[in-house]
Amino acid sequence: MTRCASRSAGGKPERHLHPQRIRLLATSDLHMQLTGFDYYADRPETGSGLTRLATLINLARSEPGVDLAVLLDNGDSLQGTPMGDVFHEVTDLPHPLISAFDHLRYDAIGLGNHDFDFGLDALGRVLAQAPCPVVCSNALLLTGKCPWSETLVLKRVLNVGGESHSLAIGLVAVLPPQTAQWNAHHLDGKVKIADIVETVRIKSAQLKAQGSHLVVVLAHSGLGETCEKPHQENAVIPLAALDTVDAIVAGHTHLRFPATSGDMRPHVAAEQGMIHGKPVVMPGQFGSHLGVIDLDILPNHESGWKIARATASLRSVDDRTPHAKDLLSLLSPAHEATRQAANRPAGHSGQELHSYFCFAAPDRVLAKVAAAQAAATRSFLQGKPEATLPLLSAASPLKAGGRSGPGHYTHVPAGDLTLRHVSDLYMFPNELRAVVATGAVLREWLEMAAGVFCRIDGGSRDYLLLNDAMPGHNFDVLHGLSYEIDLSVSARYDHDGAVVHPQNHRIRDLTWNDEPVRDDQRFVVALNNYRANGGGHYRMLASAKALGLPTLSIRSALCDYLSGRLPRDPLEDAPPPWRFSPQPGHSAVLRTSPRARDHVADLPDRRTTDLGVDDQGFLCLKLDL
């Protein structure tokens with residue numbers, strides 16, 4: 001930031017000029033939560049949704065003292081609710097997200113990794129409707145016309161002391177380079193994604209050299225490490241260290257910044273929302289928060305403008321925040337179309353399915369998903385040599401609280417099911433994959449998965465069960481095996497997939513068909529494309545042999561399985577795959593939904609103590625190990 005100059009561009013002493021307030025308003029990780037409605041449960045959802053966030057946007061724009069407001073979105077908007085799934089299929093109507101962005105007069109849109117989940121053609125169709133420029137600086141389309149721009153300059157005019165002054169705001173937008181890996185089935189050979197920090201270093205310097213007075217980064221990336229590293233997924237801290245960057249909108253990790261909790265990382269002032277002295281906002285997820293960055297600027301003879309003061313804050317949506325009625329009315333047809341599509345018949349379940357205890361005991365949701373994957377894979381393997389190998393199926397919790405809050409759990413009633421129930425069981429548009437893996441690979445796979453748990457040892461009975469550094473969807477359960485997870489030792493892997501305790505092994509008594517698994521034994525494993533492509537830093541899977549399967553979404557496999565079009569798979573009747581190694585005298589605290597109180601009987605072999613609801617709304621249950 002340029003911070004020193006004695007006279008304005010017009011020659012007037014700066015002390016006589018009133019600063020101009022540039023307000024950057026930011027959304028991120030909306031994930032198609034536009035209407036504040038839970039389409040999985042078919043009921044209103046409080047505390048989220050763009051229609052409520054629109055009320056905050058309108059207020060923030062109109063507040064006294066704001067000379068210019070710029071509204072930006074930071075990506076991961078197109079996927080995440082059944083509305084996104086429905087309008088991926090509907091191609092002859094305006095996309096509701098684009099209609100909402102048009103109505104709210106967004107100035108620019110960045111892209112996130114999940115915006116590529118439906119493929120390039122689908123993304124291109126949506127972006128062709130965009131009412132404002134779309135920016136992605138580190139994703140290079142290798143063939144064809146690119147539907148996004150590498151950078152953008154917003155040109156505005158401000159009135160200062162009766163004189164007109166031009167202001168150029170340069171925008172750089174970046175997303176994780178791992179996007180190319182996670183969505184390799186859509187992007188391989190079509191898109192190349194460059195390093196985040198290096199891209200911003202080059203593009204921001206170019207924008208400054210070309211006359212941009214301010215450079216704002218739309219970083220679909222979390223805070224991450226304090227120092228620059230090649231191909232970082234979460235790189236906001238080193239981004240803020242760049243002299244050519246003035247403000248950052250962060251995202252991707254679904255966290256919030258500024259944050260009230262202390263962050264001990266160097267150069268991070270969490271409560272003030274400053275990193276390396278630069279204002280940074282990360283506005284949560286699902287439209288829960290609006291990011292607000294205020295830049296008070298003065299004309300400057302040398303650089304055009306200087307930043308006199310910068311602040312960062314979040315404004316939260318809650319059940320008292322009214323919907324913006326005009327936007328709600330605009331989205332009403334899409335809302336009703338989504339409800340109608342989501343309530344189409346899709347099969348039957350003889351038992352209630354929920355994810356409240358998926359980290360405390362084997363889970364019926366994961367078992368159902370695993371069985372559907374296995375049944376579909378068996379049909380594809382018929383007549384192939386791999387059909388003689390044991391078949392396993394890997395599934396992980398997708399709706400299990402964590403950063404998404406105490407309302408983010410799967411709960412499907414017994415009886416006839418609809419498509420919204422299928423989406424509740426499996427919320428992502430992932431595709432089915434299969435690999436051949438050795439017993440040695442399976443052991444390391446499970447060791448990585450066991451990293452979601454904290455170490456539980458002597459000295460305290462109040463350990464949290466889950467390690468917040470690893471997302472819950474990284475907890476793969478391999479159905480078809482039997483094994484124990486020993487929490488008395490530290491995890492072998494960290495959340496980035498690096499071996500940090502080479503001597504440690506949490507996985508005990510790994511067996512198949514009541515026999516110990518041998519290192520050289522071969523298995524076929526059904527899994528999703530995200531994990532098969534290396535998502536979640538499961539590096540050991542690089543040595544697994546991929547099998548060619550026809551294209552099939554896992555939700556389609558679930559529909560076929562729940563409706564009986566696929567036969568009941570033996571894995572559904574297999575014994576529960578995992579258990580904790582007994583630790584008499586020790587306990588751990590599981591944070592789950594308050595609705596779990598009605599289902600504690602599903603933990604018959606584990607003594608639990610209800611500790612009440614914490615300040616984030618999670619029910620805390622103490623589990624004896």
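His252 counts as buried, at 13% relative accessibility. The cut-off makes the call: buried means under 20% relative accessible area. This comes from a predicted model. His252 is found in the loop between strand S12 (247-249) and S13. Its backbone deserves a look too. His252 is not a glycine, yet its phi is positive, about 75°. For context, most residues other than glycine have a negative phi.

Is Asp29 buried or exposed? Asp29 is buried, because its relative accessible area is 0%.

Now return to strand S13, residues 256-257, and follow the chain past its end. The loop between S13 and strand S14 (268-269) holds Pro258. Here the peptide bond from Phe257 to Pro258 is cis. Its omega is near 5°. Most peptide bonds are trans.

Next comes a sheet. Four strands make it up, in the order S25-S33-S35-S34. The sheet is open, and its pairing is mixed. Which strands lie at the edges? They are strand S25 (463-464) and strand S34 (608-613), each of which pairs on one side only. In general, strands of a sheet pair through backbone hydrogen bonds, either parallel or antiparallel.

Look at one pairing in detail. Strand S33 covers residues 587-592, and strand S35 covers residues 619-624. The two run antiparallel, joined by six bridges.

Definitions and conventions. Residues are numbered from 1 along each chain as its sequence is written. This is a predicted model: local features need pLDDT of at least 70, side-chain atom pairs count only at pLDDT 80 or more; totals for chains, interfaces and linings use all residues. Side-chain values use heavy atoms; hydrogens and water are left out. Two strands pair if DSSP finds at least two bridges between them. Buried means under 20% relative accessible area, exposed over 50%, partly exposed in between (1.4 Å probe, protein chains only).
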